[in-house]
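I went through it topic by topic and wrote down what I looked up.

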Amino acid sequence: MAAPSSSTATLTPVLIHLLRGASDLASVAATHAKLLKAGFASTLASSNHLLAAYSRCGAMSRARDLFDGMRDRNVISWTTLMSGYAASGRPRDTISLLRGMQFSGVQPNVVTLSTAASVCARLADEGLGLQVHARAAVARCARDTVVATALVDMYGKAGRVEDSRAVFDGMAAPARNAVSWGAMLAVYAQNALGNEAIQLFAELRTDDSGLVPNHFMLSSVMSACAGVARLGIGKCVHGAALRLGHGNNEVIAVALVDMYSKCGFYEYSRKVFDRIEQPSLIPYTSIIVAAAKYGLGRCALALLGEMVDRGVQPNDVTLLSVMHACSHSGLVDTGLQLLRSLQSKYGLAPCPSHYTCAVDMLGRAGRLEEAFELAKEAQIEGKEALLLWNSLLSACWTHKRLDLATLAGQRVSEFNQDVAGGLVVMSNAYASAGQTDNAAAVWSSMRQRGIRKDPGCSWIEVKDIPYVFYAGAISCAGTRADEMLMLLDELECKIREKGYKGRLGSARVSDGHEDDRDEGKGVMVGVHSEILALGFGLLVLPKGMTIRMMKNLRMCSDCHEAFKKRRTVVTDPRDDLGGGCG
DNA sequence: ATAGGGTTAG
């Protein structure tokens, strides 16, 4: 190794400056060569700069070679390489470096541990995350702002929300910054705990930290409002976003499109979307998803055409959503054409979900033979095949094709798994044929086999407060329960004349305990929850006002018919692939 | 001074 001459001693800062600005492999390699020539390449500082530069341009094998050849490595050398692997989507290599580092006696610092924790978050690996948390505790940096924030995220991604909150609460109040709050809000939103997110957001606003909500927090809270269909709060958060100057933020706009559509206001979704200047893939896809939900097939097709014209490439999610839109608006042949043109026109390989959507589309239309052909052609295996055949089974029941139902039922039973959705469809089919004993038998066998199904519920927001109804129980109507019973009686007389078969007046006054929502009887022969929510809406909302209610399960056809009599918007904030009636 | 945390569509 040549000793650096006096003439090159001033050269190094210049070369390091070059490295910092370099983002392409060629210029990093050129500077590396110059450093070698000047005899500075092997100093720890230069090597670390080179490691960072190679990592920045994704040249991880170069970085690794350099790292392996280094005589000395400090915490920055190890951490730089770890973060390079993390950025290259190689979380396992990041973690094995953490182990190697520990083994070589170099102590990790806050940067090392926050990098490790964020990698565990991406892996959603609870076991690894716990190890990193333990190491952080040993190194006394588990309460560091950045480390703790990464741990909050890690526990959230692993589904351990309470542990996230414990880490969040364990941070000293001044250590919590906007990112920490954003991470905790996101954890609640991502784990379907919308009301907890809303609650925490309210706490931030009365907190004395003086933190101002940023677009990360706002989009998480909007997504939380979408998840629990809290329109009133969602509108407030929309207002806050505008006041805080986020009116032109695309991420916020997407969250709003999604929120309004899940709260029953497609028109608002469309307004928000139309204000986006150059919508990219995700805004386009989110408005198409919304259009699909409202059965606006033509609209979804127009949006697809528009994005292609503007040079925005649709992806598999976009096309699946357009197919859903076709399915929900009876454009069966158009939807099938989309499936056939995925590869040729859009360069996309059809996924199991595309086939399942197409099979479902044919099934709804009663084209069951074609649906069977397509299901066989798809050659799908595993869990996804179960979904496909189960959807076909439902369609057979709906169209009273017992011959084909047996065939599809065989395929489903081959998986040797209990599918609550299919059984619910079966019991509903019995119930609609008036065979309530058989229907109840299906439910009790489900209970015996330990198959649990979320009890169906519907809710309606009045003056920003959600009122939740379960089948056969009207506790939530409070002091107006008796009035509601009378109203439902009246309503029942009216719609029976139109052929509605459900029972409205037989709701029991309940204190809302679990026992009162007996699945064997309440759900099957009691009053569907959407009817209760409708009755409550009729009672408390001004006459003529559109009633918007939310459900967690798909509505049955009888209720659907009944609802056509009144201007009503019903949405399911979750995925609508589930079956059943509540 | 070379390394670190949170957000949007199915």
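I placed Asn48 in helix H3, residues 44-56. Helices (H or I, at least four residues) and strands (E, at least two) are DSSP runs, numbered from the N terminus.

I then listed what Asn48 touches: leaving out residues up to four places away in sequence, these are Met70, Asn74, Ile76, Ser77 and Thr80. Contact here means heavy atoms within 4.5 Å. The side chains of Asn48 and Asn74 are also joined by a polar contact of 3.2 Å. A polar contact is a pair of N or O atoms within 3.5 Å; within protein, one must be able to donate a hydrogen and the other to accept it, and residues adjacent in sequence count only if both atoms are side-chain atoms.

A note on the source: this is a predicted model, in which local features need pLDDT of at least 70 and side-chain atom pairs count only at pLDDT 80 or more, while totals for chains, interfaces and linings use all residues. Residues are numbered from 1 along each chain as its sequence is written, chains are lettered from A and ligands numbered from 1 in the order in which they are written, and side-chain values use heavy atoms, with hydrogens and water left out.

Next I took the totals for the chain. I found 30 helices and 4 strands in chain A. Chain A has 582 residues, of which 49% count as buried. Of the contacts in chain A with a separation of 6 or more, 62% are between residues 24 or more positions apart.

I turned to DNA strand B. How many residues surround DNA strand B, and which are the closest? I noted 45 residues, the closest being Arg20, Asn109, Asp144, Gln190 and Asn214. Of the atoms of DNA strand B that come within 4 Å of the protein, 41% belong to sugar and phosphate. A residue is near a molecule or strand if one of its heavy atoms lies within 4 Å of it.

H9 supplies the largest share of the surface near DNA strand B, with 6 residues. Sorted by class, that surface has 16 nonpolar, 21 polar and 8 charged residues. Ala, Val, Leu, Ile, Met, Phe, Trp, Tyr, Cys and Pro count as nonpolar, Asp, Glu, Lys and Arg as charged, and the others, Gly among them, as polar.

- Asn214 has a polar side-chain atom 2.6 Å from a base nitrogen of DNA strand B.
- Ser83 has a polar side-chain atom 3.3 Å from a sugar or linking oxygen of DNA strand B.
- Lys262 has a side-chain N or O atom 3.4 Å from a phosphate oxygen of DNA strand B.

I searched the whole structure for aromatic pairs and got 7. Rings of Phe, Tyr and Trp (its six-membered ring) pair if their centres lie within 6.5 Å; planes under 30 degrees apart count as stacked, over 60 as edge-to-face and the rest as tilted. Phe168 and Trp181 form an edge-to-face pair, 5.2 Å centre to centre with 90 degrees between the planes. This pair links distant parts of the chain, with Phe168 in helix H10 (residues 161-170) and Trp181 in helix H11 (residues 178-190), 13 residues apart. Phe168 is buried at 1% relative accessible area, and Trp181 is buried at 3%.

Phe265 and Tyr268 form a tilted pair, 4.8 Å centre to centre with 35 degrees between the planes. Phe265 is buried at 11%, whereas Tyr268 is partly exposed at 28%. Ring pairs link Tyr260, Phe265 and Tyr268 into a cluster. The charged end of Lys235 sits over the ring of Phe265, 5.5 Å from its centre. A charge sits over a ring if NZ of Lys or CZ of Arg is within 6 Å of the ring centre and within 35 degrees of the ring normal.

Last, I checked backbone angles. Arg140, not a glycine, has a positive phi of about 55 degrees. Arg140 is in the loop between helix H8 (126-138) and helix H9 (145-157) and counts as exposed at 79% relative accessibility. Ala229 has a positive phi near 50 degrees. Ala229 lies in the loop between helix H13 (215-227) and helix H14 (231-243) and counts as buried at 1%.

Methods:
Buried means under 20% relative accessible area, exposed over 50%, partly exposed in between (1.4 Å probe, protein chains only).
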